[in-house]
Amino acid sequence: MSATGRVGMAALAATVVRAPFTGRARREILFCLLGLPFGVLLPLLGFFVTIRLALLASGPPWVTRGNPAWPAIAAAAAAAGLLTVLLVMTGATRRLAAACRGLAGWLLGERVAAPPPPRSGVLARLSDAAGWRAMAYLLLKLPVMLFELYAVGVFWGAGLFNLTYPYWWLSFRNHPSQVHLDPVPVVTPFDWFGQGHFQIATFPGTFAAFAVGVGMVLAAPWVTRAAVAADRRLIGGLLGPGPLAQRLRDLEQTRALAVDDAAARLRRLERDLHDGAQIRLATLAMNLGMAKKKLGDHGDVPDAEAARELVSAAHQNAKDALAELRELARGIHPPALDNGLPHALATLAAGNAIPAELTVSIPVRPTPAIETIAYFCAAELLANAAKHSRARKITIDVTGRAGVLVLEVTDDGQGGADPARGSGLSGLAQRARTVDGRMDIASPPGGPTRIAVELPLRA
Amino acid sequence: MRIVIAEDVALFRAGLTRLLEDEGHVVCAAVADGDELLAAAARHRPDVVIADIRMPPTHTDEGLRAALELRRTRPGTAVLVLSQYIETRYAASLLHGSAAGVGYLLKDRVADVAEFTEAVSRVAAGGTALDREVVSQLLAASRHAGYLDPLTRRERDVLALMAEGRSNAGIATALVLTLGTVEKHVASIFGKLGLPASESDNRRVLAVLHYLKS
């Protein structure tokens with residue numbers, strides 16, 4: 001086995017050994033135990049209602065031949081149905097769902113947002129999707145809860161108990177050798193009730209039990225995690241806001257981002273104008289004013305040399321101001337974009353510090369807004385690559401397919417692009433999100449880096 | 001005159017230094033932020049400090065705050081703040097209390113060398129120099145409200161220049177009138193608007209501004 005292989009195995013072994021002692025394991029056990037009431041609530045309630053009703057109806061004419069007659073069964077089923085509807089309508093299921101969410105949030109760190117509050121009115125409460133989804137969760141919780149009980153009860157409980165076998169064998173089974181005692185069953189994951197497939201009759205046998213216990217305890221956190229994971233999926237899928245509410249939240253979030261983005265861009269623009277072109281023009285005016293003075297009002301020129309120098313400086317100020325304004329205008333809207341994305345990207349690629357190869361294949365032209373976003377994404381990605389990647393070559397691929405525009409920028413640099421470090425990449429991702437696009441980053445340390453931005457063809 | 005300049009854009013700072021030195025003043029120090037300004041003012045004790053309002057690190061009002069600090073700690077130092085845009089709040093805080101030795105001008109004014117240097121000298125001598133943009137904003141508000149209706153057109157021009165902080169002589173030069181005519185206009189303005197008489201030009205500025213703002 002190679003060195004990395006050996007290191008990998010050692011790390012794996014360490015994780016497995018340490019797993020039963022972690023806080024996460026303890027929290028998951030607690031979650032399973034505290035979640036029990038939710039799992040048994042509905043079955044108990046349903047059981048209570050139906051059986052009670054069936055018993056109440058045990059006199060004639062309901063009962064025939066000792067079994068409940070079909071009217072009794074029908075009545076019980078109707079009662080169960082009514083109970084379900086009542087639970088949803090009164091908002092009881094929502095409250096239980098809130099409790100489940102709270103439990104998951106507190107113990108598992110699984111934060112699921114609450115669904116929007118129900119609208120008022122009888123009909124609205126009856127058709128309250130979130131309430132019904134909560135009911136579905138409570139019904140599905142039963143099998144999940146059984147799985148959790150299996151994990152906690154058998155693996156943890158019986159496993160820990162098995163560890164104690166050597167101890168109490170010594171304490172309680174030290175009868176004189178003539179007394180014959182039945183063998184002691186050991187609970188394993190495969191026969192819970194100790195039906196006797198694994199039985200020990202001697203003291204050394206207890207060590208076998210101990211070994212089984214160790215195995216069970218080592219496996220326990222993983223089984224619990226699996227059970228809890230199933231529960232988490234249910235909670236996330238059923239107890240959160242519905243797809244419409246989720247979409248609304250998404251839209252509100254991206255709208256806020258877009259508004260902030262726009263405000264920040266305007267501020268930057270004002271700053272650039274103020275610190276760049278404006279002050280160059282002020283200096284230019286100052287130089288010309290001084291030059292006028294050096295030239296005098298009429299007649300001979302008092303200081304021609306100084307005047308020449310000042311006029312020359314003013315000339316340079318004017319040229320610099322022009323260049324600044326041109327750059328600024330390009331930063332607001334590159335004129336090349338009016339001819340379409342391929343032309344604009346070609347200009348961008350040609351002017352890039354690192355040689356960039358461009359391939360464009362867009363059968364359907366996107367809307368101008370999307371083209372603008374794609375252009376600025378490409379510009380920012382190229383700038384990032386130039387600044388951080390130390391690449392020798394960049395390829396830009398733009399393809400349009402199935403209503404989606406895909407912009408891929410690949411470089412052969414050192415990789416390690418991380419949206420968390422620096423706001424450039426995360427800002428791009430946000431901008432893509434505002435039009436329901438996305439950004440995928442593949443940048444392992446050592447490179448190469450491939451960033452793909454997907455945008456719909458029309459915003 | 002000994003001057004300290006504070007301006008973060010090197011190009012403009014160099015141009016301003018040259019302009020003032022050409023006029024025969026001494027630029028003791030040319031710094032680039034508010035803290036350095038206070039240090040240089042303490043070290044060189046200039047007659048007047050010319051400061052850009054927007055400077056690092058926050059690029060909001062460092063220069064203004066340094067100027068106000070200087071007015072507090074070194075009352076004998078005249079302060080002229082430059083800005084690329086007019087913010088009437090800044091003007092108000094600068095003129096708070098006293099208008100002596102205070103100026104607030106747009107950077108555009110440096111295009112006219114004579115006017116700028118005259119303003120610098122006026123401020124250094126204890127007078128006031130308010131940019132005509134600030135004044136015209138205030139005048140526009142008052143004119144809209146009808147306060148200035150009693151005045152003639154000429155009197156309104158004189159009022160504007162008074163609000164800028166010019167002396168009677170300065171007004172006479174600017175409007176190409178005789179000194180006597182200007183004095184007559186000034187007296188008429190004070191009478192028509194009911195302004196209290198004031199001995200010095202900078203107190204006059206305060207009186208006028210107070211009237212215009214109310």
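Trainee: Which residues is Val81(B) in contact with, leaving aside its neighbours within four places in sequence?
Mentor: Ala51(B), Ile53(B), Gly63(B), Leu64(B), Ala67(B), Leu94(B), Gly103(B) and Tyr104(B); contact means C-beta atoms, placed from the backbone, within 7 Å. Keep in mind that this is a predicted model: local features need pLDDT of at least 70, side-chain atom pairs pLDDT 80 or more, while totals for chains, interfaces and linings use all residues. Residues are numbered from 1 along each chain as its sequence is written, with chains lettered from A and ligands numbered from 1 in the order written.
Trainee: And the largest nonpolar core, how many residues is that?
Mentor: 75, with Val49(B), Leu80(B), Val81(B) and Ala163(B) touching the most other members. A core here joins buried Ala, Val, Leu, Ile, Met, Phe, Trp, Tyr and Cys through C-beta atoms within 7 Å, buried being 20 or more other C-beta atoms within 10 Å. Another core, of 27 residues, lies apart from it and includes Leu341(A) and Tyr375(A).
Trainee: Switching to chain A, how many helices and strands?
Mentor: 13 helices and 9 strands, taken as DSSP runs (H or I, at least four residues; E, at least two) numbered from the N terminus.
Trainee: At what angle do H4(A) and H6(A) pack?
Mentor: About 65°, with the axes 8 Å apart; axes are lines fitted to C-alpha atoms over the stretch in contact, and angles run from 0 to 180 degrees between N-to-C directions.
Trainee: Which residues of H4(A) meet H6(A) there?
Mentor: Thr93(A), Arg94(A), Leu96(A) and Ala97(A).

How values were computed: Contact = placed C-beta atoms within 7 Å. Buried ≥ 20, exposed ≤ 12 C-beta atoms within 10 Å, placed from the backbone.
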